[in-house]
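Here are my notes on this one, for when you open it up. Have a look at the picture before you read on.

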Amino acid sequence: LEALFLPSTLKSIEYKAFNHCRSLRLSILPNGINLSNDGNGIIENTVIYQISAAAGVQYEDEIDYIDHLTAESSRQVNEWLIHHMDDSPFHKLCYTSSITTKPISDYLIENGNDSALQIDPIHGMTPLHMLSMNPHARVETIGALLDSNTQTVFCLDKQEQSPLDYARNYNVGGLVGMVAGLCNHRNSSVL
């Protein structure tokens, strides 16, 4: 499990829910989640936790207990999980489990097609990487982003993966749509 796309309707997460999902490197908690209901240590022993610790946000053990995390440190890590992608709003939009074509198109109209080339500093991904990993993203939504800047499909992230690689693993319909979009783009440029 590398990526976890949580629905915006999620209200709480249980104690150590994703503990030992060692490969988990992409997860954003929904904005509306009630942090007082969240369990402690939900991302302990994961890649995303290593990223939060490198950012200075980490779990702390209770003084008199081994393997019992402080509520405050868990709250801070959970808060970080909500906001760590705030500086990359297009990526965060593409991460949304309820994403549709309209918000993608609106973002591109407002910010220009070059915004599709933005690289997030944490994962080295373009918005198309994020959307291609999103199993909830529909083919036409991925196609709208791809059409805005076809060169993004060949960009590699920090894992040396392209959006095509992620679509193959997480969103096969999106992969078929991207290949069709590339063929259409090639055919239109030949004419």
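1. Helix 1 (residues 47–54) and helix 2 (residues 71–83) pack at an angle of about 100° with axes 11 Å apart, so helix 1 and helix 2 are roughly perpendicular to each other (65 to 115 degrees). Helices here are DSSP runs of H or I, at least four residues, and axes are lines fitted to C-alpha atoms over the stretch in contact, with angles from 0 to 180 degrees between N-to-C directions.

2. This is a predicted model: local features need pLDDT of at least 70, side-chain atom pairs count only at pLDDT 80 or more, and totals for chains, interfaces and linings use all residues. Residues are numbered from 1 along each chain as its sequence is written, and side-chain values use heavy atoms, leaving out hydrogens and water.

3. Who touches whom? In helix 1, I48, Y49, I51 and S52 meet V77, W80 and L81 of helix 2, contact being heavy atoms within 4.5 Å. That makes six nonpolar, one polar and no charged residues (Ala, Val, Leu, Ile, Met, Phe, Trp, Tyr, Cys and Pro are nonpolar; Asp, Glu, Lys and Arg charged; the others, Gly among them, polar).

4. Now helix 4 (residues 101–111) and helix 6 (residues 139–148): their axes come within 8 Å and cross at roughly 15°. Helix 4 and helix 6 are therefore roughly parallel to each other (under 35 degrees). T101, I104, S105 and L108 of helix 4 make the contact with E140, T141, A144, L145 and S148 of helix 6. By class, this contact has four nonpolar, four polar and one charged residues.

How values were computed. Helix = DSSP H or I, 4+ residues; strand = E, 2+ residues; numbered from the N terminus. Parallel < 35°, antiparallel > 145°, perpendicular 65-115°, else oblique.
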